[in-house]
Amino acid sequence: MEEVKAKMNSKYYLAWAKDEGIRKKGANGGFVTATLVSALENDFIDVALVVRKKSVYEGIPVLTSDAEVVKECAGSLHGAPINLTKYVVEHAAKKRIGLPTKPCDARGIIEQAKRRQVSLENVFMIGLNCGATLHPLRMREIASYYALDPDSVVREEIKEGKIFLVSEEEGEEKEKWMKIDELEAKGYGRRDACKSCITKIPTMADLACGIWGSNDEKKTFVEVCSEKGGAIFENAVDSGYVEIEEAPEKGIETRQKKEAGMQKRAASWKEKMDEVSGLSRSERFEFYVDALKNCIHCGACKAVCPVCACEEDAKCLEMNDERDSYAISMYNVLRIFHLMDSCIHCGQCEDVCPVDIPLTLIQRRFSERMQHRLRYTPGMDVMEKPPLYETELRWSAKAE
Amino acid sequence: MAEREEWEPKILAFCCNWCSYAGADAAGLERRQVPPTIRVIRVMCSGRIDPAFVLMGLLEGADAVLVTGCHIGDCHYVDANYKTRNRYEFLNEFVDELGLEPERLWLRWISASEGSLFAEMVREVTEKIKRIGPSPLRSEWKK
Ligand SMILES: Cc1cc2nc3c(=O)[nH]c(=O)nc-3n(C[C@H](O)[C@H](O)[C@H](O)COP(=O)(O)OP(=O)(O)OC[C@H]3O[C@@H](n4cnc5c(N)ncnc54)[C@H](O)[C@@H]3O)c2cc1C
Ligand code: SF4
Ligand code: SF4
Ligand code: SF4
Ligand code: FES
């Protein structure tokens with residue numbers, strides 16, 4: 001015991017599941033799974049929220065207190081662009097939850113905590129570095145492009161900037177891969193939101209885990225980001241679920257470089273994909289009116305939005321009346337306006353829009369300039385309240 | 001173009017009961033010329049002006065919306081006009097990004113005794129709007 005405690009005073013580790021089964025099934029060292037299992041068994045959490053693979057194109061969130069179910073769900077699913085925030089909101093009032101969080105999951109949960117929909121004391125966020133998720137339909141397109149039958153693809157992996165797909169046809173396994181950059185140059189690939197996402201390492205979560213910085217595919221690189229994170233990590237080590245070694249200095253550096261490289265690519269994608277930036281004022285107006293006129297007011301974009309905390313009595317729903325025939329509906333105007341300080345650019349809204357409105361771009365255009373002006377980044381720190389609710393202007397307080 | 005000359009802008013003004021509304025009143029009592037372009041909505045405090053009201057005004061086809069209230073420090077509800085100012089900054093960015101001219105949105109602090117200022121503001125806004133023409137949201141709505 002003593003010796004372990006003495007070892008746990010660094011911030012960066014390589015860690016892996018002691019259980020060989022978990023380690024093998026895990027995306028990397030199975031650390032995330034082993035830590036969740038240990039947190040369940042040692043009463044840190046009542047339930048774990050994990051993602052079960054239905055196919056390479058579908059992952060479903062499961063809330064469970066059964067360690068065996070958590071173990072079955074080890075591994076990374078890149079074709080399941082879900083956001084776990086709303087599931088946490090639904091259940092964290094009554095139960096302590098532990099879950100893996102991509103940066104956009106963690107940021108959504110923090111925004112909900114600011115709006116008092118969850119208490120972070122009840123939520124243990126085991127962050128996953130995130131290069132991207134893919135829309136399931138785009139993943140299928142890649143399978144076809146690889147000359148694989150999309151329905152026979154059984155495994156996918158993203159490794160060293162390549163997308164690997166493995167299909168099983170007539171008992172025969174076929175593996176194909178291609179570089180992401182090449183795929184994307186041809187129009188295949190990651191979600192638009194992910195291509196331009198710059199939060200790659202979830203330091204706003206309690207732990208941040210990934211392969212970057214690790215020297216062994218079966219060891220997870222872990223950064224301790226909060227006291228709570230330190231506590232469940234230490235517990236997993238103490239109770240024998242997890243083995244650790246200190247992260248090599250070089251690994252810490254590599255990881256930073258990987259992140260910086262991804263951020264740079266994201267910035268250039270953002271520029272490339274912004275079809276509004278070159279337009280004049282009146283052309284911009286026409287673009288927005290034209291894009292939003294197709295809205296059928298299904299409400300899906302609001303329902304999935306991880307930062308929106310309003311329910312049925314939301315202003316955007318209550319004040320909307322389609323008989324108004326406005327150039328842009330109150331629903332869309334209010335959703336865009338209300339999210340100017342808080343949109344985390346996760347793209348969930350666009351994923352579910354049945355009429356394919358480029359919502360990621362629209363929400364980003366309006367919110368990014370506001371957030372930049374406010375010097376405010378949503379989803380990072382629960383103590384930073386949404387500026388739209390504030391009395392004083394952040395910038396005027398400084399200027400006066 | 002004769003039609004264009006006849007065109008009078010429709011300007012929506014939200015006025016606080018304790019200051020700018022009384023200021024508008026004063027302008028009348030002092031027999032100052034206030035252009036007939038203005039439509040006033042009285043609120044009990046500028047802090048009551050939900051940004052949604054402003055946005056709806058624009059969508060309804062107002063050529064400009066004025067948000068007015070008591071001078072900073074004079075609000076009858078302590079600090080509500082600070083909130084007004086904060087929301088106005090959000091509205092400003094919104095209107096600009098949407099592609100409307102910045103002249104379609106105004107924030108002015110006008111006290112009960114500043115009738116001349118009120119009249120002057122309405123003249124100034126009317127002139128500016130006449131120069132830039134009807135709101136594109138209005139023409140869309142009329143179609
Ligand atoms: C979409 C995605 C992209 C990633 N990109 C990178 C990257 O670019 N660089 C990097 O260093 N690391 C990345 N990771 C993290 C890496 O793949 C491993 O998840 C991490 O190293 C932890 O490994 P592990 O073996 O300890 O986790 P495991 O023990 O395998 O546990 C992983 C947990 O994540 C859950 N999960 C799987 N898919 C998802 C999903 N889509 N959303 C939320 N939870 C999910 C599983 O249910 C499981 O509980 C990514 C992970 C995901 C899910
Ligand atoms: S938006 Fe960012 S964090 Fe979320 S899935 Fe995409 S790349 Fe990952
Ligand atoms: S508006 Fe869209 S992109 Fe922004 S946080 Fe909500 S779902 Fe994500
Ligand atoms: S998901 Fe699309 S169609 Fe549905 S309400 Fe949102 S913008 Fe409109
Ligand atoms: S009372 Fe006039 S702005 Fe508040």
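This is a predicted model: local features need pLDDT of at least 70, side-chain atom pairs count only at pLDDT 80 or more; totals for chains, interfaces and linings use all residues.

Reader: Let's start with a helix. Is helix α3 (residues 31-41) of chain A enclosed or open, and why?

Author: The general idea first: an α-helix has 3.6 residues a turn, so residues three or four places apart point the same way. Now the case here. In α3 of chain A, ten of the eleven residues are buried, so the helix is largely enclosed by the rest of the structure. Among the buried ones are A:Phe31, A:Val32, A:Leu36, A:Ser38 and A:Leu40. Just after this helix, A:Asp43 takes a positive phi of about 60 degrees.

Reader: What lies across from A:Ser38, 199 residues away along the chain?

Author: That would be A:Val237, with a C-alpha separation of 8.9 Å from A:Ser38. A:Val237 belongs to helix α10 (residues 227-238) of chain A.

Reader: Why does A:Val237 count as buried?

Author: Buried means under 20% relative accessible area. A:Val237 counts as buried because its relative accessibility is 11%.

Reader: On to cores. Which residues touch the most other members of the largest nonpolar core?

Author: Think of a core as buried nonpolar residues joined through their side chains. The largest one here has 56 residues, and those touching the most other members are A:Phe337, A:Ile362, A:Phe366, B:Val54, B:Val65, B:Phe94 and B:Leu98. Elements supplying at least two residues each include α12 (281-292), α15 (330-338) and α17 (359-374) of chain A, along with α3 (51-60) and α4 (80-98) of chain B. A second, separate core has 32 residues, including A:Leu36, A:Ile45, A:Cys73 and A:Val222.

Reader: And what is A:Ile362 in contact with, leaving aside neighbours within four places in sequence?

Author: A:Ile362 contacts A:Tyr288, A:Ala291, A:Leu292, A:Ile336 and A:Ile357.

Reader: Now the ligands. Where does ligand 2 sit, and which residues are around it?

Author: For a ligand site, look at the space, then at the residues around it. The space taken by ligand 2 is the largest cavity. Around the ligand are, among them, A:Cys104, A:Cys130, A:Cys194, A:Cys197 and A:Arg191. By class, the shell has six nonpolar, two polar and three charged residues.

Conventions. Residues are numbered from 1 along each chain as its sequence is written. Chains are lettered from A and ligands numbered from 1 in the order in which they are written. Side-chain values use heavy atoms; hydrogens and water are left out. A residue is near a molecule or strand if one of its heavy atoms lies within 4 Å of it. On a 1 Å grid over the protein atoms alone, a cavity is a set of points where a 1.4 Å probe fits but cannot get out, and a pocket is an open set with protein on both sides within 12 Å along at least five of seven lines; lining residues have an atom within 4 Å of a point. A molecule sits in a cavity or pocket if more than half of its atoms lie within 2 Å of its grid points. Ala, Val, Leu, Ile, Met, Phe, Trp, Tyr, Cys and Pro count as nonpolar, Asp, Glu, Lys and Arg as charged, and the others, Gly among them, as polar. A nonpolar core is a set of buried Ala, Val, Leu, Ile, Met, Phe, Trp, Tyr and Cys residues joined through side-chain atoms within 4.5 Å. Buried means under 20% relative accessible area, exposed over 50%, partly exposed in between (1.4 Å probe, protein chains only). Helices (H or I, at least four residues) and strands (E, at least two) are DSSP runs, numbered from the N terminus. Contact means heavy atoms within 4.5 Å.
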